[in-house]
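Thanks for coming, everyone. Let me put the structure on the screen, and then we'll walk through it.

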Amino acid sequence: GDPLGLPITATSNYYLPGGPEADYTYTREGNPSWSAVEAQLEILEGAPALAFPSGMAAVSAVLLTQLKPGERLVMASDGYFGARAFAEDFLKPLGVEITYHPTRHFHEVDMTGAQLVWIETPSNPGLDICDIRQVATKAHAGGAKLALDNTTACALLQPGLDLGADIVVVADTKVMNGHGDLLFGHVASRDEGVMSRLHHWRGLSGSIPSAHDAVLLHRGLDTLELRLARMCDTAEMMAAKLAEHPKIQNLRYPGLPQDPAHELAKRQMHRFGYLIGFELADAETADKFLNSCTGLVNATSFGSVHSSAERRARWGEDIAPGFIRLSIGCEPASALWQSFETALDAL
C-alpha cells in the first residue's frame, strides 16, 4: 500500500521529543523529498550530492564557501554570464582576485597560487571545449581546486568528477529535469571537506529547495537517459543538415567532424549533446527566423523536451548579434527539420 510516486513532504517541522538526534529535525536542515532526489543525483555523479533551489544557488554556494578575501579565482570568460556577474558583483568587492580566460585557451593559463579554477565545458553559449583532465592537472599543480559547471552536458554525457574535477555544479533546471517547470541545482564532490562546508552553508543561508520541486526533479530524472538519447540523436542529424544550408554561418556542434573541438569532445564526452550554436546574417535575420520557425519555442533556457532557441546577444553578451543558441528537444526529427528548412529558406 505504499505509494510508488515520491511523496511531497510538505512540512517545516518533524516530531522531535527529547533530544534533537533524528534524521530530520527542521526542514532548513533536511527533507525526505530532497534526500530521495539527492540519492538519484549521487548515483549519476558517483559522489555525494547536495540539492539547491536553483543552478545559481549552487554556483554561489561553491564560490562563497571556497574563496576568501585575498584569494584568487581563475574563471572562464565565455561561460554562463550569471556566474561571472556573481563573481564581479559579490566576490570582487570582498577582495577576491579574479582572472578570466577563454575556454578554448584554458590549457595555457598559469594557475599558480589560485584557490579555485572555474570552467564550463561545453561553454554556454558558444560551445567551446577545454580538456578537463589537463586543466585539473594544472589546477592541482598550482594548489587549486577545479570546479566544473557541467550544466550543458551533465554526468551521463560527461563524467566530470571522473575526469578530474573536484567539484561539479549543475543547473538541474535544464536537461536533468527536462520539462521546463522548475528551478533546481546541485553540487557534487568526493571531497568531504567541500561537502561538509556546503551543507553547513545551505542550512545557515537558507538556500534550500522546495519539497515539491524535488519531487518534480525526481520524476524528470526517471527519463533522463531516454530523453538524452533522443535529443542527441536528433541534434547530430540537425547539425549535419544545418552545416549544408547556405544561410548558416559559424556553426558549432562538437559532434561535427569539422568542429574545432571535435577530437577533444570524442575523448571526454560519451555523446556530443543537444545544444547547437550558429549565426545568421544579423540580429534582424535571426529574429525573423526565430519568430517564423514553427518547430521552435522562442525562449531562454535550454534542455526541455520542447526544442527552443534564442538570440543570445539580446542579453548584452559579447557575441555576434545574429548568434542563435539552439536546444534540441524530443520532437520527431523529420518534422523538426522540415520546420527549420522552411523558415531558413524564407529568409
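First, a term: buried means under 20% relative accessible area, exposed means over 50%, and partly exposed is in between, with a 1.4 Å probe and protein chains only. Now the ground rules. This is a predicted model, where local features need pLDDT of at least 70 and side-chain atom pairs count only at pLDDT 80 or more, while totals for chains, interfaces and linings use all residues. Residues are numbered from 1 along each chain as its sequence is written, and side-chain values use heavy atoms, with hydrogens and water left out.

Salt bridges to begin. The rule: a side-chain nitrogen of Lys or Arg within 4 Å of a carboxyl oxygen of Asp or Glu. How many salt bridges does this rule give? The count is 19.

Take Asp-162. Its partner is Arg-190, with the closest N and O atoms 2.7 Å apart.

Next pair: Asp-287 and Arg-311. Their closest N and O atoms are 3.2 Å apart. Asp-287 is in helix H9 (residues 283-292), and Arg-311 is in strand S11 (residues 308-311), 24 residues apart. Here Asp-287 is partly exposed at 29%. Arg-311, at 14%, is buried.

N to O is 3.0 Å. Arg-325 comes from strand S12 (residues 323-327) and Glu-310 from S11, 15 residues apart. Both Arg-325 and Glu-310 are buried. This pair also belongs to a network: shared partners join Glu-310, Arg-312, Arg-314, Glu-317 and Arg-325.

That takes us to the sheet. Strands pair if DSSP finds at least two bridges between them. S11 and S12 pair in the antiparallel sense over four bridges. Across that pairing, Glu-310 stands opposite Arg-325. Zoom out, and five strands form an open sheet in the order S8-S9-S12-S11-S10, with mixed pairing. Which strands are at the edge? They are S8 and strand S10 (297-298), and each pairs on one side only. As background, side chains in a regular strand alternate between the two faces of the sheet.

Another pairing now. Strand S2 (residues 72-76) and strand S3 (residues 97-101) run parallel over five bridges. Val-74 stands opposite Thr-99 in S3. From S2 the chain goes through helix H3 (residues 81-91) to S3, a right-handed β-α-β crossover. Right-handed here means that, with the strands pointing away from the viewer, the path from the first strand over the helix to the second runs clockwise.

Now helix H4 (residues 132-141). Ile-132, Val-135, Ala-136 and Ala-139 are buried. Seen down the axis, the buried residues of H4 fall within an arc of 100°, so they line one face of the helix. That arc is taken from the directions from the helix axis to the C-beta atoms. What do they pack against? Strand S4 (116-120), S5 and helix H8 (262-268). Contact means heavy atoms within 4.5 Å. On the face turned away sit the exposed residues Thr-137 and Ala-141. At the N-terminal end, Asp-131 is the cap, with a side-chain oxygen 3.1 Å from the backbone nitrogen of Arg-133. Just after H4, Gly-143 takes a positive phi of about 90°.

Ser-339 is in helix H10 (residues 333-345). Its relative accessibility is 8%, so Ser-339 is buried. A polar atom of its side chain lies 2.7 Å from the backbone oxygen of Leu-336. Leaving out residues up to four places away in sequence, Ser-339 touches Cys-293, Thr-294 and Gly-295.

Last, His-245. You'll find His-245 in the loop between helix H7 (224-243) and strand S8 (249-252). At 10%, His-245 is buried. Its side chain reaches the backbone nitrogen of Lys-247 at 3.1 Å.

Key. Helix = DSSP H or I, 4+ residues; strand = E, 2+ residues; numbered from the N terminus. Polar contact = N/O pair within 3.5 Å; in protein donor to acceptor, adjacent residues only side chain to side chain.
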